[in-house]
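Thanks for coming. I'll go through one structure this morning, starting with its core and ending with its charged pairs.

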Amino acid sequence: MGMYFNKFRKFGVASASAFALMATAPITFAETVLPGDGVSVSIAQPNDDTGWIMSAVYAQLLEELGYDVAEPVTLDVPVAYVSVSQGDMDLYPDGWFPLHNTYVDQPGFAATPTGYVVEKGALQGYLVDKASAEKFDIKTLDDFKRPEVREAFDRNGDGLADMTACPPGWGCELMIQFHMDAFDLREAINPIKAGYSASMADTIAAFEQGQPILFYTWTPNWTVDALKPGEDVVWIQTPEVALPEEQAHLVEFATVEGVEGCVAEPCQLGWPVNDIRPVANDAFLEANPAAKVLLEEASIPLDFIFAQNAAMRNGEDSAEDLKRQASEWIEANRKTVDGWLDAARSVVE
């Protein structure tokens with residue numbers, strides 16, 4: 001006993017203080033355990049890259065809660081929803097509602113829209129190059145029933161105006177098909193359903209060559225940076241608001257005030273303004289209340305998504321670029337982000 005006492009005397013007061021700190025170490029360790037420690041998270045993202053920044057931001061936020069987040073997996077939109085419902089993937093950050101109601105309303109669907117990336121900020125509709133809109137006095141899709149307009153926009157010689165549309169299976173493809181029937185446009189417009197990014201690249205090239213262009217797009221999207229509404233192109237209207245039965249209650253949201261570059265004010269886009277929402281597997285949400293609160297609290301401004309999409313269009317499009325862009329935005333908004341993270345941590349304390 002005396003030997004151990006003498007050792008303490010040799011090390012002095014500093015050693016005694018260190019010993020006291022060691023005695024409290026387990027409490028400090030417990031306080032540093034994060035809610036996501038030991039939990040792996042998988043994220044699905046769409047095969048259109050305009051929403052990939054959302055995956056990058058949510059991945060880093062989840063990592064700050066201790067979750068082990070795998071690299072996002074790119075899937076066709078319908079497949080992404082099935083994968084999240086079945087638990088093969090945990091999270092799909094780029095849900096569009098009501099556009100994607102057709103997926104989540106399926107019997108037995110086991111995932112839930114949780115929180116908002118952007119609330120009531122996602123526009124959709126049809127655009128025409130400004131020069132042609134003025135030359136042919138194009139105001140609505142009905143104007144493409146006029147022979148001279150069809151001929152001007154017919155790039156493949158089939159007698160129909162070519163419109164860059166959406167690939168099969170996308171929610172927008174289903175809505176465009178609905179509009180083609182509702183407005184009797186089958187003999188006027190040919191919706192091109194190839195890969196969207198490649199089709200839009202062709203459309204932009206045609207515009208740069210002075211050819212008339214007609215295309216569908218949405219915001220946020222790099223297309224409205226490459227072809228600026230009000231300068232290069234204009235939003236045109238639908239002849240009336242016609243929506244599928246499941247969206248009939250959203251009629252009032254299909255006419256929007258203050259749409260820059262629209263041919264009319266307010267602008268009858270014919271598409272309800274959408275919410276962009278994360279969709280998470282139900283079992284994952286139940287097992288991870290901190291992640292659920294994070295999804296409920298977090299959001300991403302449209303201005304940032306626009307800017308990131310523009311940077312991606314200009315070559316900053318690698319996986320590392322997206323991670324850096326997400327990290328820079330998080331750090332620039334650290335006070336707000338920390339508020340979300342604190343709320344998420346508090347549910348498991």
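**Core, disulfides and salt bridges**

The largest nonpolar core has 105 residues, and among these Phe-144 and Ile-189 touch the most other members. Helix 3, residues 52–64, supplies the largest share of this core, with eight residues. By nonpolar core I mean a set of buried Ala, Val, Leu, Ile, Met, Phe, Trp, Tyr and Cys residues joined through side-chain atoms within 4.5 Å. Buried is under 20% relative accessible area, exposed is over 50%, and partly exposed is in between, with a 1.4 Å probe and protein chains only. In soluble globular proteins, nonpolar side chains tend to be buried together.

Before going further, this is a predicted model, in which local features need pLDDT of at least 70, side-chain atom pairs count only at pLDDT 80 or more, and totals for chains, interfaces and linings use all residues. Residues are numbered from 1 along each chain as its sequence is written, and side-chain values use heavy atoms, with hydrogens and water left out.

pLDDT is the predictor's confidence in each residue, from 0 to 100. The chain has a mean of 90, and 91% of its residues reach 70 or more. Residues 1–30 stay under 50, and the model has one contact beyond four places in sequence for them. Contact here means heavy atoms within 4.5 Å.

Back to Ile-189. Which residues does Ile-189 contact, leaving aside neighbours within four places in sequence? They are Leu-141, Phe-144, Leu-160, Ala-161, Met-163, Met-180 and Leu-214.

Met-180 is also one of the buried residues of helix 8, along with others including Cys-172, Glu-173 and His-179. Helices (H or I, at least four residues) and strands (E, at least two) are DSSP runs, numbered from the N terminus. The cover over the buried residues of helix 8 includes helix 5 (101–104) and strands 8 (124–129), 9 (161–164), 10 (189–192) and 11 (214–218). Just after helix 8, Asp-184 has a positive phi of about 55 degrees.

Now the disulfides, meaning pairs of cysteine sulfur atoms within 2.5 Å. There are two by this rule. Cys-166 and Cys-172 have their sulfur atoms 2.2 Å apart. The torsion about their S-S bond is about -120 degrees, so this disulfide is left-handed. Cys-166 is buried at 1% relative accessible area, and Cys-172 is buried at 4%. The other pair is Cys-262 and Cys-267, with sulfurs 2.0 Å apart. Here the torsion is about 75 degrees, so the disulfide is right-handed. Both Cys-262 and Cys-267 are buried. In sequence order, the bonded cysteines pair 1-2, 3-4.

Last, salt bridges: a side-chain nitrogen of Lys or Arg within 4 Å of a carboxyl oxygen of Asp or Glu. How many does a search of the whole structure find? It finds 18.

Lys-228 and Asp-225 meet at 3.9 Å, N to O. Lys-228 is partly exposed at 34%, and Asp-225 is partly exposed at 32%.

Lys-292 and Glu-296 pair at 2.7 Å. They are four residues apart in helix 12 (residues 289–297), so about one helical turn separates them.

In helix 15 (residues 334–346), Asp-342 and Arg-345 are three residues apart, about one turn, and their closest N and O atoms are 3.0 Å apart. Asp-342 is partly exposed at 46%, as is Arg-345 at 22%. Elsewhere, salt bridges that share partners join Glu-64, Glu-331, Arg-334 and Asp-338 into one network.
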